[in-house]
Amino acid sequence: MDRKPRTYICLLWLLIFGAVTTSCSNDDDDGSITPSSEERYTGDTYQDLHSPWVKDPGQKTHVTRWECVFFGSYPTNEVVSGSFNAVDDYALADGDVITDASLYNKLQQAEWTDDDTEIDGKRYRRLNGAGAVTCSTNREQHYRWTDTEAWHYFAYAPIKWRILKISGTKAVLLADRMPDTCPFHDKDEDVNWSGCHLRQWLNSDFLHRAFSETERNAIETTSVENAPNSSYGTNCGPDTQDRIFILSNKEVFASPLATDYGFYAGSGIDDAARRFRSTLYAKCRGAWWSSVTGYRGNSFWFMRTNGYTPSNITYICDFGYLYNQGTAVTCDDAAILPALTIDLTKASWTVATPVKSTDIVR
């Protein structure tokens with residue numbers, strides 16, 4: 001399902017509602033957020049780590065700074081032997097492409113186990129078209145495959161996480177870039193988070209690929225609330241217990257929790273705090289990126305809240321809007337933004353460079 005029409009749909013909604021500051025999600029502020037002019041940390045502190053710092057929460061001028069940590073690792077940067085043109089330059093970050101003919105040749109000759117290998121103490125993963133969620137030679141704003149049978153090689157890199165909240169020694173983390181892509185569900189049917197394919201994949205494939213046994217032992221089981229869609233009343237299934245999850249509408253919009261996490265909780269702006277980019281590995285697996293000026297290179301990401309029907313799932317588009325009507329649960333090119341809770345006393349984490357919402361404005 002091509003994201004280009006989706007971007008245009010968002011633009012059309014903006015025009016229909018008469019101002020470029022109107023959300024394409026049709027969400028309205030429920031009045032629960034009281035605008036205030038202040039600067040504060042939203043939660044606890046652990047050692048030198050803080051919960052998000054917010055300025056003017058509840059106002060359209062809000063600014064958030066998230067402190068970050070590295071925890072776990074995942075395939076990220078592609079190793080190539082020469083030139084690279086599979087992804088538009090504006091959608092790449094520094095270090096996404098490793099040009100190293102010698103290493104590329106070693107990877108071609110390496111012995112692989114379940115498409116993973118290790119060379120000189122570093123871990124790599126290989127991928128061809130059969131391992132991608134979707135692949136094409138000419139799909140706009142998608143990774144351009146010239147040979148779907150040829151192997152592509154990716155170096156594992158530490159996963160950078162934003163700290164959404166610290167409570168005592170526990171920290172809720174959200175990936176700073178989408179590390180992968182996966183449909184919310186593998187069948188076109190009514191489904192909610194509790195029974196979807198994505199939940200199973202995150203808590204099995206992703207969990208074991210991204211984290212060592214020691215790291216997995218530091219990941220808490222989180223009580224995940226699955227409230228109905230606030231606009232359409234769509235039932236989103238029972239609450240769940242998960243080690244890896246994705247965020248809900250309530251956690252990014254129209255609630256005090258959304259403010260605590262660093263998101264703008266009202267309507268009327270394309271919130272820069274909700275704009276994210278995908279890794280090169282996620283793009284090779286099928287993630288779409290935007291070409292719209294001001295949002296170039298951003299991807300869109302699923303919520304775990306159903307849309308206007310149980311066969312739709314809500315998402316955050318490249319602008320940073322919550323699209324509350326949703327898209328088909330089988331949509332194949334959304335990037336995934338995982339979240340988890342860790343015990344900071346058990347986890348082997350290192351401090352990473354903080355991220356500010358104003359950094360994300362493209």
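This is a predicted model: local features need pLDDT of at least 70, side-chain atom pairs count only at pLDDT 80 or more; totals for chains, interfaces and linings use all residues.
Aspartate 114 counts as exposed because its relative accessibility, 70%, lies above the 50% cut-off.

**Aspartate 114**
- The residue sits in the loop that runs between α2 (101-109) and β7 (116-119).
- Phi of aspartate 114 is near 50°, which is a positive value in a residue other than glycine.
- Most residues other than glycine have a negative phi.

**Aspartate 120**
- Aspartate 120 is found in the loop between β7 and β8 (122-127).
- Phi is positive here too, near 50° for aspartate 120, again in a residue other than glycine.
- Aspartate 120 has 67% relative accessibility, so this residue counts as exposed.

**The largest pocket: space and lining**
- The largest pocket holds about 530 Å³ of space.
- Its lining is made up of 26 residues.
- Ala93, Lys160, Asp176, Arg177 and Thr279 are the lining residues that lie nearest the centre of the largest pocket.

**The largest pocket: strands and residue classes**
- At least two residues of the lining come from each of β5 (63-80), β9 (152-167), β14 (276-277) and β21 (350-356).
- Sorted by class, the lining of the largest pocket has twelve nonpolar residues, ten charged residues and four polar residues.

Methods:
Residues are numbered from 1 along each chain as its sequence is written. Side-chain values use heavy atoms; hydrogens and water are left out. Helices (H or I, at least four residues) and strands (E, at least two) are DSSP runs, numbered from the N terminus. Buried means under 20% relative accessible area, exposed over 50%, partly exposed in between (1.4 Å probe, protein chains only). On a 1 Å grid over the protein atoms alone, a cavity is a set of points where a 1.4 Å probe fits but cannot get out, and a pocket is an open set with protein on both sides within 12 Å along at least five of seven lines; lining residues have an atom within 4 Å of a point. Grid points are joined across faces, edges and corners, and a volume is the space filled by probe spheres set on the points. Ala, Val, Leu, Ile, Met, Phe, Trp, Tyr, Cys and Pro count as nonpolar, Asp, Glu, Lys and Arg as charged, and the others, Gly among them, as polar.
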